[in-house]
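This report describes a few features of one protein model. Look at the sequence and the structure first, then read on.

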Amino acid sequence: MNTRQRGAIVLITGLVLAMGTACAPGAGEAEPGSSATSTATQTPSPEPSSSPSADSEDPTTWIISEEGVGPIEIGGRLAETLAELPPTWTNDENCSWTAWWNADDSSYGVFFVRGTESEDAPVREISVYTAAETPVAVPSPVTDKGLGVGATTEEVLAAYPDAEEGVASAGAGTWLKVPGDAEAHIFFEYREGAAGASDVVVTIGEQPSYEVCG
């Protein structure tokens, strides 16, 4: 078990722990007496949101994207973000750059981290994780493909065939990086010997942090 995972377990136990088509009539309509063929001009309508509205008190409604996880956004401010979340979230002086939350049944948790250069540094990493020895899918934040904690490498590669595979810089874990154009990327992390993802991380780093509160 790596230091990052031990840290997650400590947080859990020590703190109790997502096109309508409109036809413009008359756009190519023949005028009276004209032999021109009538055509229709398509006017795209706004695309509906692919994710449900995020309820700050119910992380199971949250979508994991390059922008963040639910109401927690990459680039946001930790204090301002924390103020919009329920009081069940924790942030203390021992790890002031991090805020975390744990499900009532301890099946998974969420934490986010700002830069440590200053108290106003932007949020740079968000993680949905489980301390379970055998990670399995549980009601929790997921991507727009429906994948989250417990997703297998096969499931991730089927949904994101261009995902980059890598090895953790510390420990024996591996990860899959979802391609994208944003500064941050989604990573699915796997512990050695585990089939399901133990962590789904959105980070501006080259890969998820090995530890965030050590």
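## The disulfide

The model shown here is predicted. A search of the whole structure finds one disulfide. The bond joins Cys95 to Cys213, with a sulfur-to-sulfur distance of 2.0 Å. Cys95 lies in the loop between α2 and β6, and Cys213 lies in the segment after β12 (199-203), so the pair ties together parts that are 118 residues apart in sequence. A disulfide is a covalent bond between the sulfur atoms of two cysteines.

Are the two cysteines buried or exposed? Cys95 counts as buried because its relative accessibility is 1%, under the cut-off of 20%. Cys213 has a relative accessible area of 34% and is partly exposed.

Phe111 lies in strand β7. With 3% relative accessibility, Phe111 counts as buried. Thr98 and Phe111 are 13 residues apart in sequence, and their C-alpha atoms are 6.9 Å apart in space.

Ser106 belongs to the loop between β6 (98-102) and β7 (109-114). What is the phi of Ser106? The angle is near 60°, a positive value in a residue other than glycine. Most residues other than glycine have a negative phi. Ser106 is partly exposed, and its relative accessible area is 35%.

## A negative surface patch

Glu80, Glu84, Glu119 and Asp120 form a negative surface patch. One of these residues, Glu80, is found in helix α2, which covers residues 78-83. Glu80 counts as exposed because its relative accessibility is 56%, over the cut-off of 50%.

Notes. Residues numbered from 1 in each chain as written. Predicted model: local features only at pLDDT ≥ 70, side-chain atom pairs only at ≥ 80, totals over all residues. Heavy atoms only, no water. Patch = residues over 30% accessible without salt bridge, like charges linked within 9 Å, V, L, I, M, F, W, Y side chains within 5 Å. Areas by Shrake-Rupley, 256 points an atom, 1.4 Å probe, with all protein chains shown as cover. Salt bridge = Lys/Arg side-chain N within 4 Å of Asp/Glu carboxyl O. Lys, Arg positive; Asp, Glu negative; His and termini not counted. Charge placed at Lys NZ, Arg CZ, Asp CG, Glu CD. Helix = DSSP H or I, 4+ residues; strand = E, 2+ residues; numbered from the N terminus. Buried < 20%, exposed > 50% of the residue type's maximum accessible area, 1.4 Å probe, protein only. Disulfide = S-S within 2.5 Å.
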